[in-house]
Amino acid sequence: MDDEWRLSATGFGEDWSHELIFAEEVAWEREDLVAGMAEFLRTVPGVTAVEHVDREAVVIAAAAMPTGRLSAAVRRRWEKAKKQRPPWMAAMDRAARMVAELTGFQRDGWQLTRTVDSELSHIITLDHWSGREPGDHSVTIAAYVRLDLPDIRHHDVLRHNGPLGDTTSLREVVTGRLLPTLHPLTSVDALLERWQNQGSIEERGTYRLPEIQLHARVLVARGRLAEARDLYQIDFDRTPPRHRPYLLLNLAELGVPALTTATDPRLSVVQEATLTAWHTSTLPLTDRLRDLTGLSLDGTRESLDELWAWLRVSRDRLQAEFTDAAPTLAMPYYGVLAGGTNAAAAPRDPWYRVTVEHVTAYVGEVVIAQAPGTVWAIGEDGELALVRTAGTGLLWRVLAIVHADFDTPTDEFDPHRLRRLADDMLRWVNTDPRNQVWITPTGF
């Protein structure tokens with residue numbers, strides 16, 4: 001057994017005696033050698049049949065041949081064959097040479113460089129990717145700027161992926177997109193000119209947060225600290241709370257004037273105001289939910305089963321009731337990315353989000369009644385959370401499950417799902433944070 005492959009007896013059907021399994025990364029990067037090994041095995045005395053059944057797997061019929069003897073033959077062949085360069089490497093070399101000819105950049109393997117001045121260089125890189133199917137290879141060409149003032153910063157300005165070997169397409173990308181994108185970037189001052197009025201140095205032309213951060217860093221290097229402070233304020237407001245202490249510490253070391261923060265410096269002013277508004281709106285939300293449903297909703301766990309059953313048959317009524325309503329909380333407070341695929345696939349319609357906010361407010365009321373001292377807070381990724389000794393997000397969990405309940409057939413309906421969610425919340429907020437920390441408590 002080698003790190004790169006493993007040969008053993010197989011249970012892969014009665015017609016096969018051995019299986020040869022290659023490491024996944026080997027099979028992806030050296031599919032030529034895997035296919036070549038299958039061809040080689042067909043020539044080995046004692047082997048009666050070979051089939052390449054998967055990218056990583058070859059099955060062998062050699063019932064009369066000891067595994068050790070077959071493994072030795074594979075090892076001798078593999079050690080010799082893997083010294084050969086795969087065909088895709090040759091194709092990558094050809095692509096890099098063509099890019100060097102078109103640009104005049106200095107080539108070092110699959111990276112090409114042009115030094116513009118002491119502060120700025122243009123870099124082009126080519127990266128190989130293997131596709132899902134054998135023989136499916138692509139090349140990613142990326143162009144970025146490297147700034148040396150006073151530390152080294154890199155920023156992508158263009159990225160393109162296309163089939164490896166398609167020289168016509170690659171030539172068009174280099175001459176029609178890459179060079180025109182890099183051409184105006186003749187100095188760091190030229191970059192600053194492009195950044196005026198939120199212009200972008202990227203081909204896509206979108207002035208996004210990574211570019212804002214680079215722009216701010218260049219302004220600091222130029223001693224324009226007040227201008228840099230305004231950009232870092234944007235950075236702070238868009239950064240998750242867990243990263244903000246490091247940002248503030250770094251800015252203090254750079255001499256950037258203090259940013260505007262909430263009372264809790266991990267929160268933005270907008271987050272603090274939103275959290276305050278949510279605190280004052282939860283009781284009105286639950287009161288409205290009682291009026292809408294006609295249920296007592298007395299704060300017990302059993303009342304969650306009643307609410308869940310009502311939600312199942314009330315999609316149309318909710319959509320009509322909240323058709324002109326606006327959600328209180330913006331999507332970042334849902335923490336959808338932290339919530340996984342179920343939350344990510346949930347609808348985002350305003351009426352549905354308003355429904356989710358009403359249900360979340362009531363589930364929170366039940367949890368707080370069962371675990372006094374639990375409070376609403378902003379979590380480490382900016383999501384709305386419940387916190388006591390430990391904490392967890394709730395809004396994204398409700399977002400993920402409510403829509404799946406609408407119009408569910410009776411025999412498929414889970415009557416206790418909302419109650420179990422509340423029980424999970426109770427367990428999590430009561431967890432000893434030394435053993436399991438779900439949410440960094442902020443904002444309370």
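User: Why is T293 called buried in this predicted model?

Analyst: The relative accessibility of T293 is 10%. Buried means under 20% relative accessible area, so T293 counts as buried.

User: Where is T293 placed, and which residues does T293 touch?

Analyst: T293 belongs to helix α10, residues 269-293. Leaving aside residues up to four places away in sequence, T293 touches L307 and W310. Contact here means heavy atoms within 4.5 Å.

User: Why is N342 called exposed?

Analyst: N342 has a relative accessible area of 54%. Exposed means over 50%, so N342 is exposed. N342 lies in helix α14, residues 341-344. The C-alpha atoms of N342 and I401 are separated by 7.8 Å, with the two residues 59 apart along the chain.

User: How do you know that β1 and β2 pair?

Analyst: Two strands pair if there are at least two bridges between them. β1 and β2 (residues 18-22) have five bridges, in the antiparallel sense, so they pair. Within this pairing, R6 stands opposite I21 in β2. In general, strands of a sheet pair through backbone hydrogen bonds.

User: What makes β1 and β3 the edge strands of their sheet?

Analyst: The open sheet has four strands in the order β1-β2-β4-β3, with antiparallel pairing. β1 (5-9) and β3 (49-52) each pair on one side only. On average, neighbouring strands of this sheet are turned by 15° against each other, direction ignored.

User: Which helices lie against these strands?

Analyst: Helix α2 (residues 31-41) packs on the sheet and touches β2, β3 and β4 (57-61). The direction of α2 makes about 165° with that of β3. Helix α3 (residues 67-81) lies across β1, β2 and β4, and runs at about 160° to β1.

User: How do you know that β10 and β11 pair, and what lies between them?

Analyst: Four bridges join β10 (residues 375-378) to β11 (residues 384-387). At least two are needed, so these antiparallel strands pair. V387 in β11 is the bridge partner of V375. The two strands form a hairpin with five residues between them, and G382 in the turn has a positive phi of about 90°.

User: What makes the space lined by V139 and H160 a cavity, and what is its volume?

Analyst: In a cavity, a 1.4 Å probe fits but cannot get out. The search of the whole structure finds one cavity of 30 Å³ or more. The largest cavity holds about 50 Å³ of space. Its lining consists of V139, I141, H160, G162, P163, D166, S169 and L170. The elements giving two or more residues are β8 (137-148), β9 (152-163) and α5 (167-182). β9 has the largest share, three residues.

User: How much space lies in the largest pocket, and which residues are closest to its centre?

Analyst: The largest pocket holds about 430 Å³ of space. Of the 20 lining residues, R238, P332, Y333, D381 and G382 are closest to the centre. At least two lining residues come from each of α8 (225-238), α10 and α13 (336-339). The most come from α13, with three.

Methods:
Residues are numbered from 1 along each chain as its sequence is written. This is a predicted model: local features need pLDDT of at least 70, side-chain atom pairs count only at pLDDT 80 or more; totals for chains, interfaces and linings use all residues. Side-chain values use heavy atoms; hydrogens and water are left out. Axes are lines fitted to C-alpha atoms, for helices over the stretch in contact, and angles run from 0 to 180 degrees between N-to-C directions. Buried means under 20% relative accessible area, exposed over 50%, partly exposed in between (1.4 Å probe, protein chains only). On a 1 Å grid over the protein atoms alone, a cavity is a set of points where a 1.4 Å probe fits but cannot get out, and a pocket is an open set with protein on both sides within 12 Å along at least five of seven lines; lining residues have an atom within 4 Å of a point. Grid points are joined across faces, edges and corners, and a volume is the space filled by probe spheres set on the points.
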